[in-house]
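User: Hello! I'm new to this structure; could you walk me through some of the words used to describe it?

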Amino acid sequence: MRMTEAHNNRSDDVPHAPKPVGHAVKHRARSQFDGWARTYDRSIVQHLLFQPAYRMFMEELYRWRKDDPAPFDLLDIGCGTGSWLAMVAGSILPSNLLIGLDYSGSMCEVAHGKSRGIEDAPVFVNGDSEHLPFADGSFDVVTCSHSFHHYPHQAATIREMRRILRPGGRLMLIDGFRDNVIGWVLFDVFITKAESTPQGRVFHAPWSQMRRYFEDAGFRDIRQHKTNIWAPIFLTIGVA
Ligand SMILES: C[S@@+](CC[C@H](N)C(=O)[O-])C[C@H]1O[C@@H](n2cnc3c(N)ncnc32)[C@H](O)[C@@H]1O
């Protein structure tokens with residue numbers, strides 16, 4: 001796998017450069033998660049939203065790879081403190097490269113600290129989902145949980161995820177399900193209010209729109225599953 005230099009070319013890293021559209025949303029996410037990083041793993045939200053997402057990923061990954069001895073390369077985008085990658089590393093699945101990417105430097109630091117000393121530990125990269133610093137066709141699996149609603153250019157980001165997958169590779173994406181009353185109140189009202197800025201809002205893509213993003217990016221065999229009642233989330237999977 002070859003890393004590209006794309007992550008060094010972001011105009012939002014250059015002082016006084018014109019700020020791209022969506023900069024405010026990304027900046028807000030970075031400062032919020034920088035502030036949350038040290039206590040993130042002890043949050044109640046772990047039980048409500050994050051752990052159910054890791055379980056959904058694991059069921060899919062296990063079903064797909066359990067009979068295939070070929071080691072796989074996996075990238076987790078918006079990896080937070082790296083808990084999902086730690087689960088994969090500790091499982092019986094034959095993983096090879098495990099890489100986490102996050103826009104918050106503090107989240108990456110916590111993730112890196114957790115895996116210190118572990119053999120074949122995941123690697124963590126501080127970067128932006130919209131400009132993935134990897135060559136085309138670098139991964140067999142790309143995962144992304146509870147991070148996508150922060151991305152200002154969602155269709156383009158799905159295309160970027162598709163670009164770095166090998167043919168036959170899978171994108172598994174989980175985010176809040178806002179197509180029923182409970183999900184709408186939780187994600188479109190409370191979480192959107194907490195995570196948006198006056199200059200830009202986070203956006204939880206509805207079920208049908210998520211499917212369209214995958215179709216437009218060229219994914220096939222698209223499947224979607226919803227889980228949880230009080231904090232509903234949904235998984236979308238596509239094959240590259
Ligand atoms: C709610 S956390 C989810 C973390 C992890 N996936 C989990 O399920 O525990 C959202 C993460 O997305 C990251 N994030 C937000 N915008 C991002 C972007 N543009 N590129 C990469 N990561 C981003 C945040 O820094 C944060 O760590």
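Analyst: Happy to, and please keep in mind that this is a predicted model. By class, the shell around the ligand holds eight nonpolar, nine polar and four charged residues.

User: Which residues around the ligand are the closest?

Analyst: The ligand is surrounded by 21 residues, and the closest are G78, G80, S104, S129 and S147. Two elements, α1 (23-36) and α2 (45-65), each give two or more residues to this shell. With three residues, α1 gives the most.

User: Why are α5 and α7 called oblique to each other?

Analyst: Helix α5 (residues 154-163) and helix α7 (residues 207-216) pack at about 50 degrees, with their axes 9 Å apart. Angles under 35 degrees count as roughly parallel and 65 to 115 as roughly perpendicular, so α5 and α7 are oblique. The contact is made by Q154, A155 and I158 of α5 together with Y213, F214 and D216 of α7. Those residues divide into four nonpolar, one polar and one charged.

User: What makes D221 exposed?

Analyst: D221, found in strand β6 (residues 220-227), has 10 C-beta neighbours inside 10 Å. The cut-off for exposed is 12 or fewer, so D221 counts as exposed. D221 also has a positive phi of about 50 degrees although it is not a glycine. Most residues other than glycine have a negative phi.

User: And why is N228 called partly exposed?

Analyst: N228 lies in the loop between β6 and β7 (233-239). N228 has 17 C-beta neighbours inside 10 Å. Buried needs 20 or more and exposed 12 or fewer, so N228 counts as partly exposed. N228 has a positive phi too, about 75 degrees, and is not a glycine.

Notes
Residues numbered from 1 in each chain as written. Predicted model: local features only at pLDDT ≥ 70, side-chain atom pairs only at ≥ 80, totals over all residues. Axes fitted to C-alpha atoms, helices over the stretch in contact; angles between N-to-C directions. Helix = DSSP H or I, 4+ residues; strand = E, 2+ residues; numbered from the N terminus. Parallel < 35°, antiparallel > 145°, perpendicular 65-115°, else oblique. Contact = placed C-beta atoms within 7 Å. Nonpolar A, V, L, I, M, F, W, Y, C, P; charged D, E, K, R; others polar. Near = placed C-beta within 6 Å.
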